[in-house]
Amino acid sequence: MPAQKPSLLIEKLVLVGRRKNYTIPFRSGLNIVYGDSATGKSSILECINYLLGSSKFVYDREIESAILYLMMQVTLNGNIYTIKRDLFDAGADVEVFPASLDAIQEIFPQKYSPSFEKEGQDGYYSDFLLSVLNMPNLKMRQAPTKDESPLVRLSFRDVFQFCYLRQDDVGAKNLLGDGGYRAVKNRETFKYLFNLLDTTIADLQTEISVASANQNQLQATYKAVSDFLRTVELKTEFDLDEAIRDVDERRKIANSEMQRINTSLVANNESYVTLKEMLTKISARLVENEADQTETDHAIERFVRLKNDYKSDIAKLKSIRVSQQLIGSPQLMFSCPLCESAVKLDELQHDHQVVSDDKMTQEINSLTRRTKELDALIDRERSRRSVLLDESKALLSDRDDARRMLDEEMGQAVTPYLAERDSWSYELAKLAEERKNIERNIKIRNQQKQIFKDLGDAIEKINSLNEKLAEARNNAPSADEVLADLSNTLFKFLSYVQISDLRDVRVDSKTLLPVLRDRDYRDTTSGGLRTILSIGHFLTIAHIATLRQTNFPGLLMIDTVGKYLGKTSEKYSDTDIREDSKESVADPKKYLNIFRAMLSLGESKLEPSIQIIAVDNDIPPGFAASHPTTIAAHFDSEGADGARRGLIDDAYLY
Amino acid sequence: MIATPYFIPDSDINLNSALVLLIISQLSKTSKGRLLLNNERLLGYYHLAKNPVVLNSTLISFGLQPALLDEYDLFSVSSIAKNLDPLYDYGKLRKILLRLASLELLTTQYRKADGFMYGLTEKGDLFAAALCEGYFATVRRYMNAMSGLSGVTTSNLMATIQRESY
């Protein structure tokens, strides 16, 4: 059985934010992310790049303010992992959970350092990735032509250069390095990809011995952990599951008992309700009684005052009678007491108000009668008042009785319930505590399981390394063979895209870059042609990876397919416009065929399948309609047709 | 005077004349026989006699013993309804004095500083003595209380009365 080829499948990217999470799902094969500029398309690829170990992540303001950290669910050679990395601290360890996104709570993560500057808790991230993808972990010569050159490691990041065609690199003259150290490293990595490195066999042997040591280590760890757990009598997984089920059952019972008590407490008190009603009625009648008493008092006061007025009038009338008799008839002419001169009192005549005696008597009698009537009224009100007072006394005493009875009733009825409820409350708290403990123990058991699995993986890895070694010994490929394959594939691609004048198409053995019409890639003046060549180069490498035994991870990310193809803005101007139009790079057919080529590469039936994530401002007309499953995300900055406004789709609200 | 179908005892001229007669008979002289009552003072006393509640608060403000009031005067509708007779109704007083004078009940003396001072003739004293029952008995009680006011100057008295009336 041939050794397992590396396979990296991104399943879900999650930006965990302050307000909400932002998720992009992916599938195997072609995934297209397209839409307006500045909506976060390139950020998606940068996030993936960062989660696969890039040294830093340049984030824009929207991401900086909205996001806390990044997570990604991936399948690496058939095993599911969730990768989590802090957005702002690029030096912090990357956390890897050997579980899917929704199961990360049940397991402890491994922590790896993304840089070689310090070692993480569980090692280096590059080592982890290479190991789990079944790719050899080698050192290569810094100066490949010199035997005594110092060795540097070949990291996952070096390989990833061939997986990620950045926006600046598409159609760029300095693709894959400008002739300096980077270019040298890239060429060595290229050889590594196709197992062309001279040092392969020796390195494989080294790797096998490292892997064996690792396996022994794991074996020892597993034994130690298992012994320990047995010693502390940690329950088996089966028992723990049962324990949790049992706890949950008991919790259900406790909760329903609490419910029962609470409803009984309220319902079972008929006599309480009756007493309460009675009390309310008595209080209401007391209020009425008070009001009536006040009314009566006012009436009595009014009547008494009136009676006094009558009495006063009667007395005055009687006195008037006396006065009249005495001084009722003044003389109209008399002499002044002072000077004896005569005084005439004409005016007094008009004043003379003689009230006849009859009238007087009549008036006095009438007043007396009215006084007696008032007395009757006053008596009536007074007796009414005393009735009210008696009633009030009776009501007050009734009220006190009712209150007393109510309190007694309450006390008798409630106490036993409260005691029972308290005991159930306590029971619930205990059960919650118990459950937490069991959950913790389950986590520990899961960890043990993981070690066992790691052990299995390690053994498998050793087997596959041995197979690789055998294969390497048997069919060490020649560089020429590989280059020929690559050249053929590139030719097929270019003719599919309908580039005219396809003379002399090859991948150069020295530069390891495409050549067209005997012109090196870097000397091509047409930017659009360079775009097509660079994309073709990467696609070709990925294609050959599906056929040969290679160390290519099976992921390809391309940022801005349409660069220099008459679609991008003035941002990229390193092109000769005349050459561009001579090659008719803006021909929409060419653009469509590039997409078709990516599609067919993604859908190739060979194992393992390749995942391509392509980003552009646009896609060929009709492509979204005819291949809807390839659209991973479509952003519209206005949100037209219900499209997402961008990666951070709620940024426009804040 | 507007003729009304209602008879208001309190406004009866005879009653009020008798009241003035009584006032002069009881309060016209000091203990030394000096005449006290001029128009102004007489009107003041008249006002006090008709408004016993004001009388008591006036006496109290001069530190004198208040009169014992009947229930009629304390707890009636009138006691809580203000008496709106203006304090300076000299016209009314003049009419009363004319009546009394015409019946030869009045004497006067003229003093330069105070004006005309009033007193009673023998006939006047006799008539006054006959006023002793019912309402008049009550008024006599008030007079007793008012006797202490003889030491107060007229202007002070009037000012206080005015203050206590409102």
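Reply: A salt bridge is a side-chain nitrogen of Lys or Arg within 4 Å of a carboxyl oxygen of Asp or Glu. In this structure, Asp501(A), Arg503(A), Arg517(A) and Glu583(A) are linked in a network of such bridges. This is a predicted model, in which local features need pLDDT of at least 70, side-chain atom pairs count only at pLDDT 80 or more, and totals for chains, interfaces and linings use all residues. Residues are numbered from 1 along each chain as its sequence is written, chains are lettered from A and ligands numbered from 1 in the order in which they are written, and side-chain values use heavy atoms, with hydrogens and water left out.

Me: How many salt bridges does the structure hold over all chains?

Reply: The total is 38.

Me: Which side chain does Arg182(A) meet in a salt bridge, and where do the two residues lie?

Reply: Helices (H or I, at least four residues) and strands (E, at least two) are DSSP runs, numbered from the N terminus. Arg182(A) pairs with Asp158(A) at 3.2 Å, N to O. The pair links distant parts of the chain, 24 residues apart: Arg182(A) is in helix H5 (residues 181-193) and Asp158(A) in helix H4 (residues 156-160), both of chain A.

Me: Is Asp158(A) buried or exposed?

Reply: Buried means under 20% relative accessible area, exposed over 50%, and partly exposed in between (1.4 Å probe, protein chains only). Asp158(A), at 5%, counts as buried, whereas Arg182(A), at 32%, is partly exposed.

Me: What is the accessibility of Asp518(A) and of its partner Arg506(A)?

Reply: Asp518(A) is exposed at 57%, and Arg506(A) is partly exposed at 28%. Their closest N and O atoms are 3.4 Å apart.
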